[in-house]
Amino acid sequence: METKRVVITGLGALTPIGNDAPSTWQAMIDGKSGAAPITAFDCSKFKTQFACEVKGWDPATLMDVKELRKLDRYHQLSLGSTKEALADAGVDLETLDKNRIGVIWGSGMGGLISLEQGYEDFITTGRVPHFSPFYIPKALVSMGAGWISLVFGLKGPSFTVTTACSSSSHAMAEAFDYIRLGKADIIVTGGADADVTISGIGGFNALHAISTRNDSPVTASRPFSKSRDGFVLGEGSVTLIFEEYNHAIARGAKIYGEIIGAGLNSDAYHMTAPNPEGEGAARVMTMALQDANLQPQDVDYINTHGTSTALGDVAELKAIREVFGEHIYEMNLDSTKSMTGHMIGAAGAVEAMACILALKNGIIPPTINHDPQDLDENIDYRINFTFGKAQKRDINYAISNTFGFGGHNACLVFKKFEKQ
């Protein structure tokens, strides 16, 4: 079966390092960290007292305050980045067939803030029952896609994928399939999460998953360094507009890049830990390359999952070596989580955006916070991790890895756009 080309025509972002896509990209290139002391709640009793929060964004720019009360912060962030992405793509919803425009979204945790608030209100008031009529829809993970569809009137396929840290990558893989198989013209995709909450920080602390480097938040996310002690929890939302190539050309849309392959599989190994040999990660990269009809030596850049965890970083590098062999020394690798933190359900989306803009602009964002003396004996530093500052390089193919709790693995392949 002949499949259709899928291009990216719009970007929108609300991240810990920028409140739109251009400022997020510039902060990446500049190597800025989004980590800072937590402002969302009193965290003085927690082991971790910092995170990567979205800063200075007012959701009241979206809609009336009365309407905002119906939405969790997760939903608000989702709408904010999507509003930007649709405008960036020049999507005219008055003239296009909205039955052919869908929403495939990703989120790991959904309305976590609303879940907490609902229980807190119930417990503190003592009234039985005492829940807001909006409690359920505000808590639902599915309403990420639901609210985007409702607010913008999009009547194509609409659903939310939840596969922990790889949620938005799985969503983008689905969006890619829907368009290349001719089931939609445009898919609004990406993901969001707002997990900098009491239970979010407390829960990840209990897992010993996040850094406790309270004395220096901006340097806490340090992928591929010996002293790494866990990821930095982030929040935010990133939206990408996936569109069928001929549809985009016909309406004169600008095109950022092209998605040409996707791989999805499972470790089937452990609840939270990766397979230490990177077996599932190696398979998923191989699947993605086969789907894209590429050879390993074709790839110029890998945006790694790179969480800054002791097990994860090493396992991923083993997988990359297994797939790419000696070509590992010819590529650039980086971890943009060193700047954005781990945005959970939005992680794959912000890292896909990094790949697309790296391809378009010929510059690769850095992996920050590495001290040349801070070397892990399990890591091969002959690899170009793009440490310290961005590197200019003309690249044609890039891949993005995301791996989620539960063994959910995803790999996406992006190509520099060439009109044919």
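1. Basis of the values. In this predicted model, local features need pLDDT of at least 70 and side-chain atom pairs count only at pLDDT 80 or more, while totals for chains, interfaces and linings use all residues. Residues are numbered from 1 along each chain as its sequence is written, and side-chain values use heavy atoms, with hydrogens and water left out.

2. Helices α3 and α6. Helix α3 (residues 73-89) and helix α6 (residues 143-152) have axes that come within 9 Å and cross at roughly 50 degrees. That makes α3 oblique to α6. Helices here are DSSP runs (H or I, at least four residues) and strands likewise (E, at least two), numbered from the N terminus. Axes are lines fitted to C-alpha atoms, for helices over the stretch in contact, and angles run from 0 to 180 degrees between N-to-C directions. Angles under 35 degrees count as roughly parallel, over 145 as roughly antiparallel, 65 to 115 as roughly perpendicular and the rest as oblique. The crossing of α3 past α6 is right-handed, that is, the near helix is turned clockwise from the far one by less than a right angle.

3. Residues between α3 and α6. From α3, Y74, H75, S78, L79, T82, K83 and L86 meet M143, G144, W147, I148, V151 and F152 of α6; contact means heavy atoms within 4.5 Å. The residues of this contact comprise eight nonpolar, four polar and one charged. Ala, Val, Leu, Ile, Met, Phe, Trp, Tyr, Cys and Pro count as nonpolar, Asp, Glu, Lys and Arg as charged, and the others, Gly among them, as polar.

4. Helices α10 and α11. Helix α10 (residues 279-292) packs against α11 at an angle of about 45 degrees, with the axes 8 Å apart. That makes α10 oblique to α11. The contact joins A281, A282, M285, T286 and L289 of α10 to A319, I320, E322, V323 and F324 of α11. By class, eight of these residues are nonpolar, one is polar and one is charged.

5. Helices α1 and α13. The axes of helix α1 (residues 21-30) and helix α13 (residues 347-361) come within 11 Å and cross at roughly 75 degrees. That makes α1 roughly perpendicular to α13. A21, T24, W25 and M28 of α1 meet V350, M353, A354, L357, A358 and N361 of α13. This contact has eight nonpolar, two polar and no charged residues.

6. Largest pocket. The largest pocket holds about 550 Å³ of space. A pocket is an open set of points on a 1 Å grid over the protein atoms alone, where a 1.4 Å probe fits, with protein on both sides within 12 Å along at least five of seven lines; lining residues have an atom within 4 Å of a point. Grid points are joined across faces, edges and corners, and a volume is the space filled by probe spheres set on the points. Of the 33 lining residues, T272, A273, P274, T309 and F405 lie nearest the centre. Both α11 (310-324) and β13 (397-404) supply at least two lining residues, and α11 gives the largest share, six residues. The lining divides into 13 nonpolar, 16 polar and four charged residues.

7. Second largest pocket. Its volume is about 300 Å³. Among its 14 lining residues, A40, F41, I113, V196 and T197 lie nearest the centre. Helix α4 (residues 112-125) contributes the largest share, four residues. Six lining residues are nonpolar, three polar and five charged.

8. Residue P157. P157 lies in the loop between α6 and β5 (158-161). Leaving aside residues up to four places away in sequence, P157 touches G102, V103, Y178 and I187.
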